[in-house]
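My notes follow in the order in which I looked.

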Amino acid sequence: MLPPHTLHQAVERTVREEWGRILAALVKSLGDIQLAEDCLQDAIAHAIEFWPETGLPRSPAAWLITTARRRAIDTLRRDARFAQKVPELSHLADLQNDGQDAEGSELIPDKRLEMMFTCCHPALEQKTQIALTLRTLGGLKTEAIAAAFLDKPEAMAQRLVRAKHKIAAARIPYEIPEREMLPDRLAGVLAVIYLIFNAGYTDASATQRSLSDEAIRLARIVHHLMPDDAEVAGLLALMLLHDARRPARIDAQGQMVALEDQNRNRWDRGKIAQGDRLLRDTLPRGQVGPYQLQAAISALHAQSPSWDQTDWPQIAALYELLYQVQPSPVVRINQAMAVSYTRSVTDALALLGSVADDPQLLTYQPFHVAYADLLRRSGNIAAARESLDRAVSLTEHDTERSFLQRKRDNLST
């Protein structure tokens, strides 16, 4: 008999780590995103019911995909359009009988990248592309995706349903498109990969680190597919340079360490070298885009021997160029921080004030953190404390919340 807590931990771990891989494999064989999601949910419910009696299978992921496929066969047999579904049933039956259902993780094909290119089809607008990919591969709840886009959950749910229907109606194939078709889908794919990376990088817990590793792996595959695309190389360089700091971001007590206080000897010099090499190969092409510019900024931090020796004038200039290429309040926030070290805190506050009226920033935690830092350095401690209180209230991750709370508590009166 499997203890209840062990059961739930096993199910949660499998769903968290394997959802995207299992669902992508199911969609590939079923040709229907909604059917694949429904059958996977049924398989998870089945696991919760039967694993306490039978014990954990050797490969929980393989067990789930086998059970989901059987559920799909039953569903298709009950379909009113049974005759039209015979080819699909035949295909699923072949999968059931050709040995691919034996429990072994190596038998679950990794189709996540194919699913990304499917979800990022140009027939869908980019916001829908990103949302659908996060729902399908990340297993994120509709409410979480809606919050990321500042949408209402009901509106996001309708958007996702329409996207699934459009893919089914247009018979969009679940495969990586021909090479000449890749550029039309690339922007959405890169955006999703970076969101996956940030989800793992922002949450410093060990359970989320694999997300950053997975994003880097996917970016390497895309770079292999499109070695001449400068922005693909830029994104890969950016993630490598960011990820190089990971060993120094958490101290021995599990507390987050600010960039200026990190032990730079702990940074991964191998990843920094890879990122630098990608940039050196890419920037001379003259096809500079947002990911390359962000990577160049990250490279300047990586190359600096200390916080005090950071090349802030060049970083501020790169942020100004980035704003011209990709005007957004988020870029202005980062530029303001660079300006505070290049010129003055007063100039930085003025720059931050130029975007302070943007309603999206009311719930954007980094804005309140940056504002608090500038207020503290200008001597307005009371206002800085209020901004940090707001930032703490908007923080989801325990490690980051603890970090901000300590900053708030350490403000001198």
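**Entry 1. The whole chain**

I noted before anything else that this is a predicted model. I counted secondary structure and got 20 helices and zero strands in the protein chain. I then looked up burial: 49% of the 413 residues count as buried.

**Entry 2. Asp 32**

Where does Asp 32 lie? I placed Asp 32 in the loop between helix H1 (4-30) and helix H2 (33-54). Leaving out residues up to four places away in sequence, I listed its contacts as Val 27 and Tyr 174. I also looked up the separation from His 165, which is 133 residues away along the chain: the two C-alpha atoms are 9.1 Å apart.

**Entry 3. Cysteines**

How many disulfides does a search of the whole structure find? I got zero. I looked at Cys 120 in particular: the nearest cysteine sulfur belongs to Cys 119 and is 6.5 Å away, and Cys 120 is in no disulfide. The cut-off for a disulfide is 2.5 Å between sulfur atoms, so the 6.5 Å separation rules out that pair. Cys 120 is buried, at a relative accessible area of 0%. Cys 39 also counts as buried, with 1% relative accessibility.

**Entry 4. H2 and H3**

Cys 39 turned up again in the contact between H2 and H3, and I looked at that pair next. H3 spans residues 60-78, and its axis comes within 8 Å of the axis of H2, crossing at roughly 120°. The two helices are therefore oblique to each other. I recorded the crossing as right-handed. On the H2 side the contact residues include Leu 35, Cys 39, Ile 44 and Trp 51. On the H3 side they include Pro 60, Trp 63, Arg 71 and Leu 76.

**Entry 5. H13 and H14**

At what angle do H13 and H14 pack? I read about 135° for H13 (residues 269-282) and H14 (residues 290-303), with the axes 10 Å apart. That angle makes H13 oblique to H14. The crossing is left-handed. H13 makes the contact through Arg 269, Ile 272, Asp 276, Leu 279 and Thr 282. Alanines of H14 in the contact include Ala 295, Ala 296, Ala 299 and Ala 302, and Gln 292 and Gln 303 take part too.

**Entry 6. H16 and H18**

The last pair I looked up was H16 (residues 329-342) and H18 (residues 365-378), whose axes come within 10 Å and cross at roughly 20°. Angles under 35 degrees count as roughly parallel, so H16 and H18 are described that way. I noted a left-handed crossing here. Ile 333, Met 337, Ser 340 and Tyr 341 are the H16 residues in the contact. They meet H18 residues including Pro 366, Phe 367, Leu 374 and Arg 377.

Key
Residues numbered from 1 in each chain as written. Predicted model: local features only at pLDDT ≥ 70, side-chain atom pairs only at ≥ 80, totals over all residues. Heavy atoms only, no water. Helix = DSSP H or I, 4+ residues; strand = E, 2+ residues; numbered from the N terminus. Buried < 20%, exposed > 50% of the residue type's maximum accessible area, 1.4 Å probe, protein only. Contact = heavy atoms within 4.5 Å. Axes fitted to C-alpha atoms, helices over the stretch in contact; angles between N-to-C directions. Parallel < 35°, antiparallel > 145°, perpendicular 65-115°, else oblique. Left-handed = near helix turned anticlockwise from the far one by under 90°.
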